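Please read them with the model open.

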Amino acid sequence: MQLLDDHVVLITGSGSGLGLGIARHFREEGATLALFEYDERKVATLREEFGDDVLVVQGDVRSITDLTRCRDEIVGRFGRLTSIVGAQGIWDGNVRLADTPVERIDTLLDEVFSINVKGYVLTGRIFLDLLEAEGGAVVWTCSQAAFAADGGGVAYTASKGAIRALVNQMSFEFAPRVRVNAVAPTGIANSQLRGPAALDLQNSLQSDIPADAYRQQFEWLAPLQHMPSPEEYGPIYAFLASRHNTVMTGQTILADSGSLNRALISIPELLATMPGA
């Protein structure tokens with residue numbers, strides 16, 4: 001028996017990076033999938049990879065119309081929905097507030113929060129009745145940036161902190177029928193989060209950071225000394241999305257490879273092993 005047998009799961013932001021890795025893992029665990037993706041090119045790629053057994057819907061998580069259309073297609077195709085995984089997101093390029101033009105702050109915050117936070121709120125509301133009917137689950141994507149500084153700039157960090165608080169509130173409101181949790185990843189190999197148009201970074205990706213240097217720095221810092229692939233986060237999401245989770249709600253799991261459990265007394269020895277030291 002697979003973990004997600006008899007589960008119908010919607011994954012938003014499923015066209016690349018973390019969302020795609022989760023979708024691939026969920027398929028291996030037996031889930032019936034509905035994949036929601038904004039980018040039309042990625043939609044075509046998803047249909048090619050997953051075939052006719054998977055429902056792929058193009059749309060924007062900021063749009064009530066698109067999400068409602070997705071809901072209608074899920075009901076028409078499967079008749080029910082067990083779980084939702086939210087994997088969409090936008091990064092802010094780790095641009096410091098002092099380096100952000102004042103006249104762009106309004107649009108930057110609106111852009112990042114609308115995707116990273118409002119998209120989750122709208123999704124939760126529009127699909128709530130289906131989840132309640134199934135005694136289902138919601139799993140949002142937070143970030144290590146919600147727990148420690150320097151995981152992004154102020155817009156990204158604040159949006160991920162908001163998701164952490166959103167999990168607390170949604171889990172309270174959706175109980176007892178629906179469980180709401182989140183996963184807070186840190187390093188993700190080949191992350192495809194794009195930057196904001198508000199800072200002219202819409203064509204840049206987190207993966208544009210030199211991969212070898214980023215991997216070396218992360219694996220030096222993290223006690224597990226391993227940069228996870230998107231698929232490796234899949235089992236955590238799968239358990240939280242499954243009916244096997246009967247005890248956890250309102251929790252944000254920090255999946256950081258131990259990177260916040262840093263050395264203190266032995267830091268001089270650790271620094272001596274830093275790449276390039």
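**Notes on the sheet and its helices**

1. In this predicted model, seven strands form an open sheet in the order β3-β2-β1-β4-β5-β6-β7, and the pairing is parallel. The edges are taken by β3 (55-58) and β7 (252-255); each has a single partner strand, so one side of each is left without a neighbour in the sheet. From one strand to the next the twist averages 15 degrees.

2. Helix α7 packs on this sheet, where it touches β4, β5, β6 (179-185) and β7. The direction of α7 makes about 150 degrees with that of β5.

3. Strand β4 (residues 83-86) has partners on two sides. With strand β1 (residues 8-12) it pairs in the parallel sense over four bridges. With strand β5 (residues 137-141) β4 also pairs in the parallel sense, over three bridges.

4. Ile 11 has Val 85 of β4 as its bridge partner, and Val 9 stands opposite Ser 83 in β4. On the β5 side, the bridge partner of Ser 83 is Ala 137.

5. Are the residues on the two faces of β4 buried or exposed? Both faces are covered: Ser 83 and Val 85 lie on one side, Ile 84 and Gly 86 on the other, and all of them are buried. In a regular strand, side chains alternate between the two faces of the sheet.

6. Two packed helices are described by the angle between their axes and the distance between the axes. For helix α1 (residues 17-28) and helix α7 (residues 234-241), the axes come within 9 Å and cross at roughly 65 degrees. The crossing of α1 and α7 is right-handed.

7. Which residues make the contact between α1 and α7? From α1 they are Leu 18, Ile 22, His 25 and Phe 26. From α7 they are Gly 234, Pro 235, Tyr 237, Ala 238 and Ala 241. By class, the contact has seven nonpolar residues, two polar ones and no charged ones.

8. To put α7 in place: this helix is in contact with the sheet at β4, β5, β6 and β7, and its axis also crosses that of α1.

Conventions: Residues are numbered from 1 along each chain as its sequence is written. This is a predicted model: local features need pLDDT of at least 70, side-chain atom pairs count only at pLDDT 80 or more; totals for chains, interfaces and linings use all residues. Side-chain values use heavy atoms; hydrogens and water are left out. Axes are lines fitted to C-alpha atoms, for helices over the stretch in contact, and angles run from 0 to 180 degrees between N-to-C directions. A crossing is left-handed if the near helix is turned anticlockwise from the far one by less than a right angle, and right-handed if clockwise. Contact means heavy atoms within 4.5 Å. Ala, Val, Leu, Ile, Met, Phe, Trp, Tyr, Cys and Pro count as nonpolar, Asp, Glu, Lys and Arg as charged, and the others, Gly among them, as polar. Buried means under 20% relative accessible area, exposed over 50%, partly exposed in between (1.4 Å probe, protein chains only). Two strands pair if DSSP finds at least two bridges between them.
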